Amino acid sequence: MGEPSTHAVRRIQRTTIAGVALLALIAAVVSFRHMHELCLRHGEDHLAAVLIPLAVDGLIVVASMSILLANHYGSRGGLLAWSLLVVGSLASLGANVAVAEPSLIGRVIAAWPSLALIGSYELLMCQIRRCAGGRAEAQELPVFSPDPPANAEADPVELQEDQEEDTPVSVHGSGVRVIFPLVRRERSM
C-alpha cells in the first residue's frame with residue numbers, strides 16, 4: 001500500500017484537529033469544574049481556583065509543543081519536557097478522580113474528559129511530528145544541479161587540488177545548505 005495523498009492527509013489532520021477542539025471544549029468545562037472544585041475544597045480562593053486548572057492544562061500544552069519542536073530538530077524532547085508533560089497529565093487526571101464519586105465507575109467517568117483530551121492531543125502531535133519528519137527527511141537530502149561545471153573538460157582531481165585542504169564547499173538544493181569539507185587527494189601517476 002502506498003503513501004496517502006496530500007489531500008487525504010490534510011483531511012485526516014483537519015478531522016483530528018476538529019476532534020481535539022471538541023474534546024478540549026468538553027474537557028475545559030468538565031475538567032475545569034473538577035479542578036476548580038478541588039482547589040476550593042482545599043482552601044484556595046476563587047481566583048486561584050480559576051487559575052490553577054489553566055496552569056495545569058497550559059503546562060501540558062507547553063510541554064507537548066516543546067517536544068514537537070525538539071522532534072522537528074531531530075531530538076526526542078529531553079527529560080524536562082517529558083517530565084512536565086507526565087506531571088501535568090497526572091495532575092489533571094488526579095484532580096478529576098479526586099472529586100469523583102468514590103466508586104470505580106464514578107472515577108472513570110470523572111477522569112474520561114481529561115484522559116480523552118490528553119490522548120487525542122498527543123495523537124495529533126504524533127501526526128504533526130510524522131508529517132514534519134517526512135518533510136524534514138526530504139529537505140535534508142542535498143540536490144545537485146544537473147548543470148555541468150563551467151570548466152567541464154578540466155580534471156576533477158586537479159580542480160580539487162587548486163583549493164586549500166580544509167576549504168568548505170557549499171552545496172545548495174531545495175533551500176538546504178550543506179557544507180562538505182574537502183580533503184586533498186594525492187594523485188598517483
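Contact here means heavy atoms within 4.5 Å. Keep that cut-off in mind for the neighbour lists on this tour. The model is predicted.

**Whole chain.** Start with the cartoon view. The chain has 5 helices and 2 strands. Trace the elements from the N terminus and the order is α-α-α-α-α-β-β. Of the 189 residues in the chain, 28% are buried. Among contacts with a separation of 6 or more, 52% join residues 24 or more positions apart.

**First stop: Asn96.** Select residues 78-98, which form helix H3, and pick out Asn96 within the helix. Is Asn96 buried or exposed? Its relative accessibility is 0%, so Asn96 counts as buried. Show its side chain next. That side chain comes to 2.7 Å from the backbone oxygen of Ser92. Then display the contacts, leaving aside residues up to four places away in sequence. Asn96 touches Val30, Ser31 and His34, along with Ala110, Ala111 and Ser114.

**Second stop: Ser64.** Move to helix H2, residues 46-72, and select Ser64 there. The relative accessible area of Ser64 is 2%; buried means under 20%, so Ser64 is buried. Which residues does Ser64 touch, not counting those up to four places away in sequence? Select Leu85, Tyr121, Glu122 and Met125 to see these partners of Ser64.

**Last view.** Show Asn96 and Ser64 together. Asn96 sits in helix H3, and Ser64 sits in helix H2.

Methods:
Residues are numbered from 1 along each chain as its sequence is written. This is a predicted model: local features need pLDDT of at least 70, side-chain atom pairs count only at pLDDT 80 or more; totals for chains, interfaces and linings use all residues. Side-chain values use heavy atoms; hydrogens and water are left out. Helices (H or I, at least four residues) and strands (E, at least two) are DSSP runs, numbered from the N terminus. Buried means under 20% relative accessible area, exposed over 50%, partly exposed in between (1.4 Å probe, protein chains only). A polar contact is a pair of N or O atoms within 3.5 Å; within protein, one must be able to donate a hydrogen and the other to accept it, and residues adjacent in sequence count only if both atoms are side-chain atoms.
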